[in-house]
Amino acid sequence: RTRKKEEADFFFVPAYVKCVRMMGGLNDKEINQTYVKVLSQMPYFRRSGGRDHVFVFPSGAGAHLFRSWATYINRSIILTPEGDRTDKKDTSAYNTWKDIIIPGNVEDGMTKRGTTAVQPLPLSKRKYLANYLGRAQGKIGRLKLIDLAKQYPDKLESPELKFSGPDKLGRLEYFQHLRNAKFCLAPRGESSWTLRFYESFFVECVPVILSDQAELPFQNVIDYTYFSIKWPSTQIGHELLDYLESIPDEDVERMIARGRNIRCLWVYAPESELCSAMQGIMWELQRKVRQLHQSAETFWLHNRTIVNRNLVGFSSWKPPMPLP
């Protein structure tokens, strides 16, 4: 990390637009205007066309919260848990060649070092083969799982969850349910990812991804085939349960042990921790470092001077600047 702009490989733009929107600070039009205004004040953004600038969009709506994202930050690096959001948008803001998938944020009480809020159970004490804990949301895969649980209630747990009122399921109760199966099923919801995938590692059940378009974090360094299963969403039925039931416990234990070794990469821990989500993000960013920062509106001369279209040197660029 450096505060000297000329030394930086990347520029992190700390804009938490979802928080602003939820708290009523700005409406969608004002958010869009604010982004454009701020970007026009940033000479380094202009220099690279935004290629070395990093934005974070951790909410379900992703970069779409900035309505003009496709015009202004389509070259920038976006940090997001959302690999696909085409259920409600015509296009996804995620681009596998430049953006970085980040883990969802698991309950702090489950990720802390030492004794967590809910401890995993030995496989022999788990009541169910698999579970799905979530709402239907009108999604085909989730509806199939809920129906499957009614057909095989001794194998698949999928209780009707209450998220409000006196019977609301508390966070500790949720994890106590989650730990009671060998396999935790993670179907697609409003988007391709689900927090349940990450939560499963901390109760030590094997995650089963039932989301065909799912994008996972840090695939440059992690081979997910060692500790998870990805099953076609078009094959959700008794064949899924038959397959899971056929897996020997020693294989399940082996997958759980491997998952235990990498789950620290899902934790947003202090910088002092050697293994954390931030470390994974830094690995991914390191692969994206460029020696040259240029855009369609950036030029250079024989003496390596960076100039704009009017041949004005970079050090003399004055805001507001036309955006690339």
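**Domain interface and backbone features of the predicted model**

Five residue pairs are in polar contact between domain 1 and domain 2, both residues of each pair being at pLDDT 80 or more. The structure is a predicted model. Helix α11, residues 277–286, gives the most to the side of domain 1 that touches domain 2. Its share is five residues. The residues on this side of domain 1 divide into nine nonpolar, four polar and eight charged.

The contact involves 21 residues of domain 1 and 20 residues of domain 2. About 1800 Å² is buried between domain 1 and domain 2. Carbon and sulfur atoms give 55% of that area. The centres of domain 1 and domain 2, taken over C-alpha atoms, are separated by 29 Å.

The division of the chain places two segments in domain 1, 5–103 and 271–295. Domain 2 covers 108–266.

An open sheet is built from four strands. Their order is β1-β2-β3-β4, and the pairing is parallel. β1 (11–13) and β4 (100–101) stand at the edges. Each has a single partner strand, so one side of each is left without a neighbour in the sheet. Strands of a sheet pair through backbone hydrogen bonds. Strand β2, residues 53–56, pairs with strand β3, residues 77–80, in the parallel sense. Three bridges join β2 and β3. F55 stands opposite I78 in β3.

Two local backbone features were also found. Phi of F218 is near 55°. The value is positive, in a residue other than glycine. The peptide bond from P319 to P320 is cis. Its omega is near -5°. P320 is found in the segment after β11 (306–307).

Key
Residues numbered from 1 in each chain as written. Predicted model: local features only at pLDDT ≥ 70, side-chain atom pairs only at ≥ 80, totals over all residues. Heavy atoms only, no water. Domains from an automatic or database assignment. Contact = heavy atoms within 4.5 Å. Buried area = accessible area lost by both parts, 1.4 Å probe. Polar contact = N/O pair within 3.5 Å; in protein donor to acceptor, adjacent residues only side chain to side chain. Helix = DSSP H or I, 4+ residues; strand = E, 2+ residues; numbered from the N terminus. Nonpolar A, V, L, I, M, F, W, Y, C, P; charged D, E, K, R; others polar. Pairing = 2+ DSSP bridges.
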